[in-house]
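Hi everyone, thanks for coming. Let me put something up on the screen, and then I'll walk you through it.

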Amino acid sequence: MATQRELVERAGGGDAAAFDALARTAIDRMYAIAHRVLRDPHLAEDAVQQALWGAWRDLPNLREPERFDAWLRRLLVRCCYEEARKQRRSPTVTLLSFDTPSTPDGTSGVADRDALDRAFRRLGPEHRIVVVLHHYEGIPLVEIADSLGIPVGTARSRLHYALKRLREALEADASGGRIDERTA
């Protein structure tokens with residue numbers, strides 16, 4: 001079985017089967033990140049597809065094959081930003097999705113997830129991506145900063161700001177109050 005580095009090198013040389021193997025190992029993780037950031041399954045699929053297409057196109061230019069995962073994550077983040085920009089330019093349509101309730105009656109679990117989803121949607125994509133990568137994917141801030149091409153302090157600041165805004169939105173939602181959308 002080939003190592004990831006070998007697959008990256010072969011794919012960079014035009015081996016479609018090697019690229020397919022790389023894509024198959026990464027696609028579920030990529031979709032999970034994109035869906036959490038974009039909050040829409042169709043936009044997430046588009047972002048993943050665009051990132052994989054860009055990876056196939058640009059892989060011959062990757063100088064450090066061992067950094068493939070970080071490089072691919074950076075491509076995905078850029079595609080998520082682009083999909084988010086497209087979404088802001090087009091009319092918003094909200095689709096409801098129902099998850100299996102985690103509590104016996106399901107009402108408090110659904111209400112909690114709904115409140116968190118509303119709060120999360122108030123964040124911009126640059127803040128959502130840091131929260132998703134750090135809290136859902138377990139990636140350290142140093143690696144996130146590297147993947148995003150930003151200083152570690154900026155990644156730390158975005159995470160702090162995002163968590164602060166989430167707390168404020170959840171507290172406002174719980175108390176029936178509203179937060180100032182202009183500062184969101």
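I'll talk about charged pairs to begin with, and then about the nonpolar core.

A word on the ground rules: this is a predicted model, so local features need pLDDT of at least 70 and side-chain atom pairs count only at pLDDT 80 or more, while totals for chains, interfaces and linings use all residues. Residues are numbered from 1 along each chain as its sequence is written, and side-chain values use heavy atoms, with hydrogens and water left out.

Okay, charges. Side chains of opposite charge can pair when their charged atoms come close. How many salt bridges does the structure hold? There are 15, where a salt bridge is a side-chain nitrogen of Lys or Arg within 4 Å of a carboxyl oxygen of Asp or Glu.

Take R73 and E143, whose closest N and O atoms are 2.7 Å apart in a salt bridge. R73 sits in helix α4 (residues 68-89) and E143 in helix α7 (residues 141-148), so this pair ties together parts that are 70 residues apart in sequence. By helices I mean DSSP runs of H or I, at least four residues, numbered from the N terminus. Is R73 buried or exposed? It's buried, at 10% relative accessibility, whereas E143 is partly exposed at 35%. The cut-offs there: buried is under 20% relative accessible area, exposed is over 50%, and partly exposed is in between, with a 1.4 Å probe and protein chains only.

D114 and R118 form a salt bridge at 2.3 Å, N to O, and both lie in helix α5 (residues 107-121), four residues apart, about one turn. D114 is partly exposed at 38%, and R118 is partly exposed at 33%.

Over in helix α8 (residues 152-175), R165 and E168 are three residues apart, about one helical turn, and their side chains meet at 2.5 Å, N to O. R165 is buried at 8%, while E168 is partly exposed at 27%. There's also a network: R5, E9 and E66 are joined by salt bridges that share partners.

Now the core. In soluble globular proteins, nonpolar side chains tend to be buried together. Here the largest nonpolar core has 51 residues, meaning buried Ala, Val, Leu, Ile, Met, Phe, Trp, Tyr and Cys joined through side-chain atoms within 4.5 Å. Among those with the most contacts inside it are M30, F68 and I129. Helices α1 (4-12), α2 (16-38) and α3 (41-58) are among those that each supply at least two residues of this core.

Leaving out residues up to four places away in sequence, I129 touches I33, V37, V77, Y81 and L148, with contact meaning heavy atoms within 4.5 Å.
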